[in-house]
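Hello,

Here is the structure we talked about. My notes follow below it.

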Amino acid sequence: MNCYKSPRLDTHRDKSFQMFYEALKGIQKYDPVPIGSIMDGKLQNGVFEGLSSLRNDSNINVDCDDELVVLSTVLDVSGASINYQWKQKLLLTFSGSVWAKVKNIQFALELTLNMTHGIKLDVTNLKLTKMEGLKFGFSGLGPLNPLIKVLGTVVLNVLEQKITQKIEELLRDTLESELSKFKISF
């Protein structure tokens, strides 16, 4: 069914757009956001910065079927960074930080407004589709830091997977949190 031929779905579509844009604005207030630990707690006190640059620069596709409105689009984040702290005790205790900076991150997003089980806009799909300009840095081992840079490619590949999962989880959770604040009434 085409949303533009049904007055009821037309109204729902318009409200869905409005909620979506309000939720995007609401997400930006979380920047920077603590994201916990990864790699079984080896990297802790993670902080993600970049939500303030979250934007929707693409068209929003709208599909309708009976009481269902599906919005799909692409979101971009520019200049994001993640910083984790680490500590390791060998003979001595070493501590430092691991950081990653990304020039551009792109997400495919799908939101569904289902009116058969109450009126609620849900995130049904969120997938990181592109990560450009990923840089990695490490501190805390003093003269051994250059050795870490040699191993950096291996470490970067492991971190990239973990960071991708964490960013997807973070964006999904914050978007769902913002969307849950909205009530649709007709």
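The largest nonpolar core has 46 residues, and F48, I105, F107 and L111 touch the most other members. A nonpolar core here is a set of buried Ala, Val, Leu, Ile, Met, Phe, Trp, Tyr and Cys residues joined through side-chain atoms within 4.5 Å. Buried means under 20% relative accessible area, exposed over 50%, partly exposed in between (1.4 Å probe, protein chains only). Two or more residues come from each of α1 (7-27), β1 (33-38), β2 (43-49), β3 (61-65), β4, β5, β6 (120-132) and α3 (152-179). Helices (H or I, at least four residues) and strands (E, at least two) are DSSP runs, numbered from the N terminus.

This is a predicted model: local features need pLDDT of at least 70, side-chain atom pairs count only at pLDDT 80 or more, and totals for chains, interfaces and linings use all residues. Residues are numbered from 1 along each chain as its sequence is written, and side-chain values use heavy atoms, without hydrogens and water.

Back to L111. Beyond its neighbours within four places in sequence, L111 contacts (heavy atoms within 4.5 Å) F20, V69, V70, L71, L121, D122, V123, T124, L175 and L179.

Now the backbone. Most residues other than glycine have a negative phi, and most peptide bonds are trans. N45, not a glycine, has a positive phi of about 55 degrees. N45 sits in strand β2 and is exposed, at 55% relative accessibility. D31 and P32 are joined by a cis peptide bond, with omega about -10 degrees. P32 is in the loop between α1 and β1.

Last, L91. This residue lies in the loop between β4 (68-89) and β5 (93-114). L91 is exposed, at 86% relative accessible area.

Best wishes
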